[in-house]
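Visitor: Hello! I am new to protein structures, and I would like to take a close look at one part of this one.

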Amino acid sequence: MKKQIKSFLKIINNFKNKNVLSYNKFAVFIYHRVLPYNNFDLSGSTVLQKIFIDQINYINNNFKIVNYKNLFHHKDNSSKIKALITFDDGYIDNYKYAYPILKKLNIPALFFIPTYYLNNKIIWDRYLSILLQYSNSSN
């Protein structure tokens with residue numbers, strides 16, 4: 001089990017997204033943004049779509065991906081560590097770029113949608129990134 005986690009961490013070390021929570025019996029892969037292009041991102045939470053595909057394929061081949069309902073209650077004889085894939089902050093790119101990949105591969109994921117931002121308000125990290133991007137470009 002530790003070998004699998006170390007192997008995975010070595011592979012994703014080259015990837016931008018390093019948000020992985022790992023426990024003895026399961027791992028949680030935390031995503032925020034998936035885009036087909038590079039994006040100015042202070043938080044480092046954006047993953048390129050082609051890298052996301054590589055990561056999802058690796059997770060799918062080396063872990064038993066489950067939905068949140070089965071994380072603790074699903075019993076099986078698999079030697080693979082259970083994995084849960086999550087998306088925070090409810091960015092539209094989760095739906096436009098990540099969801100079609102997950103759907104095609106029949107991979108469950110959990111999306112956390114903050115309802116406060118549904119009325120086109122900008123999340124604080126994007127607001128800060130935009131301010132810094134434009135303040136630097138005026139020089």
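Is Asn-106 buried or exposed? Please take me through that residue and the parts of the chain around the topic.

Guide: Happy to! Keep in mind that we are looking at a predicted model. Asn-106 counts as exposed, because its relative accessibility is 69% and the cut-off for exposed is over 50%. You will find Asn-106 in the loop between α3 and β7, the strand at residues 110-111. Its backbone has a feature to notice as well: Asn-106 is not a glycine, yet its phi is positive, at about 55 degrees. Most residues other than glycine have a negative phi.

Asp-89 is not a glycine either, and its phi is positive, at about 80 degrees. Asp-89 sits in the loop between β6 and α3, while Asn-106 belongs to the loop between α3 and β7.

Now let us look at helix α3 itself, which spans residues 92-104. Its axis comes within 11 Å of the axis of helix α2, residues 49-62, and the two cross at roughly 30 degrees. That angle makes α2 roughly parallel to α3, because angles under 35 degrees count that way. The crossing of α2 past α3 is right-handed. On the α2 side, the contact is made by Gln-49, Phe-52, Ile-53 and Ile-56. On the α3 side, the partners are Tyr-97, Ala-98, Ile-101 and Leu-102. Sorted by class, this contact has 7 nonpolar residues, 1 polar residue and no charged ones.

Another loop is worth a visit, the one between β5 (64-65) and β6 (82-87). Leu-71 is found in this loop, and Leu-71 counts as buried because its relative accessibility is 7%, where buried means under 20%. Leaving aside residues up to four places away in sequence, Leu-71 touches Phe-26, Val-66, Lys-82 and Leu-84. From Leu-71 to Ala-83 is 12 residues along the sequence, and their C-alpha atoms are 7.7 Å apart in space. Ser-79 lies in this loop too, but Ser-79 is exposed, with a relative accessible area of 72%. The C-alpha atoms of Ser-79 and Lys-64 are separated by 8.8 Å, and these two residues are 15 apart along the chain.

Finally, step back to the whole chain. The chain contains 4 helices and 7 strands, and along the sequence they follow the pattern α-β-β-β-β-α-β-β-α-β-α. Of its 139 residues, 35% are buried. Among contacts between residues at least 6 apart in sequence, 58% join residues at least 24 apart. The chain exposes about 9,200 Å², with carbon and sulfur atoms supplying 54% of that area.

Key
Residues numbered from 1 in each chain as written. Predicted model: local features only at pLDDT ≥ 70, side-chain atom pairs only at ≥ 80, totals over all residues. Heavy atoms only, no water. Buried < 20%, exposed > 50% of the residue type's maximum accessible area, 1.4 Å probe, protein only. Contact = heavy atoms within 4.5 Å. Areas by Shrake-Rupley, 256 points an atom, 1.4 Å probe, with all protein chains shown as cover. Axes fitted to C-alpha atoms, helices over the stretch in contact; angles between N-to-C directions. Parallel < 35°, antiparallel > 145°, perpendicular 65-115°, else oblique. Left-handed = near helix turned anticlockwise from the far one by under 90°. Nonpolar A, V, L, I, M, F, W, Y, C, P; charged D, E, K, R; others polar.
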